[in-house]
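Please look over the chain and its fold before reading on. The paragraphs below go through it piece by piece, from strands and sheets to helices and single residues.

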Amino acid sequence: MKPLNIAILGCGTVGGGVAQILTQQKDLLSKRSGREINLKFIAELNPEAAIKRFSLDKKYFYSNTKQVSIEEILNDNDIDVVVETMGGKSDFVHNTCLNVLKNNKHLVTANKALLAERGSDIFAEAENRKLQLGFEAAVCGAIPIIKGIKESFTGDIIESVSGIMNGTSNYILTQMQLQNLDFSEALKLAQQNGYAEADPSLDINGGDASHKLILLTKLAFGKKISMDELSVVGIEDINTNDMDFAKEINASIKLICLTKLKDNKIYAMVRPMAVKNDNTLSNVNYAVNAVRLDNKYSGTHFLIGKGAGSTETAMSIVSDIVFIARHHEVATFNEEDKYVLGDAKEVCFPYLVSFKTKNLPGTTGLITTCIGRQGINIETVGHNRFSGETADFSIETDECCLKTIEQAIEDIKRENKDLLLQEPKILPILY
């Protein structure tokens, strides 16, 4: 059988890791694939630095002493698979990925932002040409969630996908919980230890997790969701009081991604939740990721592991390459998009609602009365934390929908427009 020839676009942290695995484990990968897997070319702006950093042979970067270009790779009929590790969602990267497929080459990428925000035509091109689009590395690094959904559960019906899908936010929340750090201290520690970028916005505001959830919603349910349609709340406003309130109800705060199918509607959200301690997700700490699948026939499954990193991401890319070597004739994706996107505020949870108010007599009674008027049962009222003229406390409700909680808050404002010193924080409780 003809060797499967590979080209890599970009030889940074991830691309270099892929090249190392392909060259160091060539014989083993070829044996597992049933055909020879051969790295042929690498297109890289600074080849000499990559050669030195990853101890790679110069032959991969130069063709007839000329530096290999993307155009040369696209026009090379001997290349079967192109690995895109340039990153970003620019027009150049988007068009390059499309051109890979238009030149009848399989595409493997870890580029979750590109696929989530601009990937519709890339998926469609792969489908129309019956080419593989491998993106295992785009969602939770080393965790094989993409193949799990595409291959392992094809005989089942997935009812929901949830989990912790951003290691940076999970590291920060873990430090806040276990070390009693405030948010800024925990973020600084994450940056010092390499878990957060200098600009951590995409991690802490839920953007990175949203990209992953969009891809999993598309994969599990065939439903295409845009970033604007997704309900997203980040972790920037979580503080030590919130951690204490969660601890009072035997829970830990985690940034949770959730997409579920109910009554032919898809409900999808990314937001901090108070996860009960007997839920496995509550004990997933630091930069670890975890995905939970709830299926109709086979029940609940957890996949837990590292969600990022050079070798972890590179390994997932190589696993896609091996899969293509075995099953290159299988179409990538069949998007049905037959479900309606539901309003995430209609999903019912118990809620942990925390209030910052003026320290006035009767405050707790007024708030609980307004909540009760909306037909919401109250499970517990947390201890007040007084600080001069202000008070902080929390209320744990029975199951209700977010719209009803918001109506109760509006009722509180009508009763006393000056009572609330800030908007209450509303955390779904996950059992």
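**Strands, helices and selected residues**

Strand β16, which covers residues 351–358, has six of its eight residues buried, and it is therefore largely enclosed by the rest of the structure. This is a predicted model, so the description that follows concerns computed coordinates throughout. β16 pairs with strand β21 (residues 425–430) in the antiparallel sense, over four bridges, and within that pairing Leu352 has Leu427 of β21 as its bridge partner. β16 is also joined to strand β19 (residues 390–397), again in an antiparallel arrangement, by seven bridges, and here Val353 stands opposite Ile395 of β19. In general, the strands of a sheet pair through backbone hydrogen bonds, and they may do so in either the parallel or the antiparallel sense.

Parallel pairing is found in another part of the chain, where five strands form an open sheet in the order β2-β1-β5-β6-β7. The edges of this sheet are β2 (37–43) and β7 (133–134), each of which pairs on one side only.

Helix α5 (residues 91–102) packs with α7 at an angle of about 5°, the axes being 9 Å apart. Because an angle under 35 degrees counts as roughly parallel, α5 is roughly parallel to α7. On the α5 side the contact involves His94, Cys97, Leu98, Leu101 and Lys102, which meet Asp121, Ile122, Glu125 and Ala126 of α7. Sorted by class, this contact of α5 with α7 has five nonpolar residues, one polar residue and three charged residues.

The second pair is made by helix α15 (residues 363–373) and helix α16 (residues 402–415), whose axes come within 8 Å and cross at roughly 135°. That angle makes α15 oblique to α16, and the crossing of α15 and α16 is right-handed. Leu366, Ile367, Cys370, Ile371 and Arg373 make the contact from α15, while Ala408, Asp411, Ile412 and Glu415 make it from α16. By class, the contact of α15 with α16 has six nonpolar and three charged residues, and no polar ones.

Helix α8 (residues 145–152) shows what lies around a set of buried residues. Ile145, Ile146, Lys147, Gly148 and Ile149 of α8 are buried, and the buried residues of this helix pack against β8 (158–164), α12 (207–221), β12 (288–295), β13 (299–306) and α14.

Setting aside residues up to four places away in sequence, Ala325 touches Leu4, Ser33, Arg35 and Ile37. Of these, Arg35 is 290 residues from Ala325 along the chain, yet the C-alpha atoms of Ala325 and Arg35 are separated by 6.9 Å.

Asp244 and Cys400 are 156 residues apart in sequence, and from C-alpha to C-alpha they are 23 Å apart in space.

Lys130, although not a glycine, has a positive phi of about 55°; it is located in the loop between α7 (120–128) and β7, where it is partly exposed, with a relative accessible area of 49%. Cys140, also not a glycine, has a positive phi of about 60°, and its place is in the loop between β7 and α8. Is Cys140 buried or exposed? With a relative accessible area of 1%, Cys140 is buried.

Terms used. Residues numbered from 1 in each chain as written. Predicted model: local features only at pLDDT ≥ 70, side-chain atom pairs only at ≥ 80, totals over all residues. Heavy atoms only, no water. Axes fitted to C-alpha atoms, helices over the stretch in contact; angles between N-to-C directions. Helix = DSSP H or I, 4+ residues; strand = E, 2+ residues; numbered from the N terminus. Parallel < 35°, antiparallel > 145°, perpendicular 65-115°, else oblique. Left-handed = near helix turned anticlockwise from the far one by under 90°. Contact = heavy atoms within 4.5 Å. Nonpolar A, V, L, I, M, F, W, Y, C, P; charged D, E, K, R; others polar. Buried < 20%, exposed > 50% of the residue type's maximum accessible area, 1.4 Å probe, protein only. Pairing = 2+ DSSP bridges.
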